[in-house]
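Please find below some notes on the model, arranged as numbered points. They are meant to be read beside the sequence and the coordinates.

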Amino acid sequence: MAPAAARGRVFALARGELTLLARNRAALTYALVLPGMLTYSMKTAVEGVDLKGTGLDLGTLLVPGSIGMALVLAVYMNLVGVYVLRREGLVLKRLRAGELTDSEILSGSALPAVLLGLAQCVLLVGGVSVALDVSAPKAPYLAVVGVAVGVVQMVMLAAATAAFTRTAESAQLTPVPMMMLSMVGSGLFVPLDVMPDQVASVCELLPLTPVVDLVRAGWTGDMGVADVLGTLATALAWTVLAGWAVRERFRWEPRR
């Protein structure tokens, strides 16, 4: 009975957030349109990348990259603003005074962004696959695991970023470093294999890199069990670190 009641509270909160998201045309357009636009714009840029020896082609490079962009923009960047705006508007404080637990508040607030991100992933994969004649994934379970891990990681990182974001205005800026690092260093559109070894070793440790690696391995099927476990360990480490930051630093009301 208790789990059913908890789900009901989370879904009720999610419905309210979904209504607010649907009314926010700027945020909705940003989350829906920008990942596709960036993927299209990057297609021309990466056509000149030498992929020999990487086991990749343009399609298997862009499909995982588009999924990574959807997770960063539709889930992570969107949620940072949601958490900060609800905190500054005293919404989180009022919710805590009711039956909702802290995890239910964070989960219910995140659910619409997560659904939006997943829908965007499906649309981008379909569009890129058709446009570039990408073959079906050889290990689809790895792609599914990568997306699932990425969703959880982006939600936790968004809450952690919101904990260090002082105002609603600054919520437009604090997610930018994560977005830029992911675009440049996580292999979204430039494989780590073509980077210098020292740079690639650092980029392997970035939050989104294991997610992109898992999704890409879903299409190429070239990741062994040991590599999968190591990649999951990196993703889990970032998720745990973000969860610790949320537990220790997340604020439920505005700073005074």
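Is R247 buried or exposed? At 60% relative accessibility, R247 counts as exposed, where buried means under 20% relative accessible area, exposed over 50% and partly exposed in between (1.4 Å probe, protein chains only).

1. Basis of the note. This is a predicted model, in which local features need pLDDT of at least 70 and side-chain atom pairs count only at pLDDT 80 or more, whereas totals for chains, interfaces and linings use all residues. Residues are numbered from 1 along each chain as its sequence is written, and side-chain values use heavy atoms, with hydrogens and water left out.

2. Salt bridges. The count comes to 7 salt bridges, each defined as a side-chain nitrogen of Lys or Arg within 4 Å of a carboxyl oxygen of Asp or Glu. R247 is paired with E248, the closest N and O atoms being 3.8 Å apart, and E248 is partly exposed at a relative accessible area of 48%. Salt bridges with shared partners also join R9, E99 and E104 into one network.

3. Charged residues of α3. R86 forms a salt bridge with E17 whose closest N and O atoms are 2.9 Å apart, and both R86 and E17 are buried. This pair links distant parts of the chain, since R86 belongs to helix α3 and E17 to helix α1 (residues 2-23), 69 residues apart; helices here are DSSP runs (H or I, at least four residues) numbered from the N terminus. R87 forms a salt bridge with E88, again with closest N and O atoms 2.9 Å apart, but R87 is buried at a relative accessible area of 1%, while E88 is partly exposed at 28%.

4. Aromatic pairs. There are 2 aromatic pairs, the rule being that rings of Phe, Tyr and Trp (its six-membered ring) have centres within 6.5 Å, with planes under 30 degrees apart counted as stacked, over 60 as edge-to-face and the rest as tilted. The rings of Y83 and F250 have centres 6.1 Å apart and planes at 85°, so this pair is edge-to-face. Because Y83 lies in helix α3 and F250 in the segment after α10 (225-249), the pair ties together parts that are 167 residues apart in sequence. F250 also forms an edge-to-face pair with W252, at 4.8 Å centre to centre and 65° between the planes, and ring pairs thus link Y83, F250 and W252 into a cluster.

5. Nonpolar cores. A nonpolar core is a set of buried Ala, Val, Leu, Ile, Met, Phe, Trp, Tyr and Cys residues joined through side-chain atoms within 4.5 Å. Among the 59 residues of the largest one, Y76, L79, Y83, M154 and F250 touch the most other members, and α3 gives the largest share, 17 residues. A second, separate core of 6 residues includes A139, L214, A217 and M223.

6. Helix α10. The 25 residues of α10 should span 36 Å at 1.5 Å a residue, and its end C-alpha atoms are 36 Å apart, which agrees; the expected span is 1.5 Å times one less than the number of residues. Its buried residues include V228, T231 and A235, and the cover over the buried residues of α10 includes α5, α6 and α9 (209-220), contact meaning heavy atoms within 4.5 Å.

7. Backbone points to check. Most residues other than glycine have a negative phi. L90, although not a glycine, has a positive phi of about 65°, and L90 is found in the loop between α3 (58-88) and α4 (91-96). D133 has a phi near 55°, and D133 is exposed at 69% relative accessibility.

Definitions and conventions. Helices (H or I, at least four residues) and strands (E, at least two) are DSSP runs, numbered from the N terminus.
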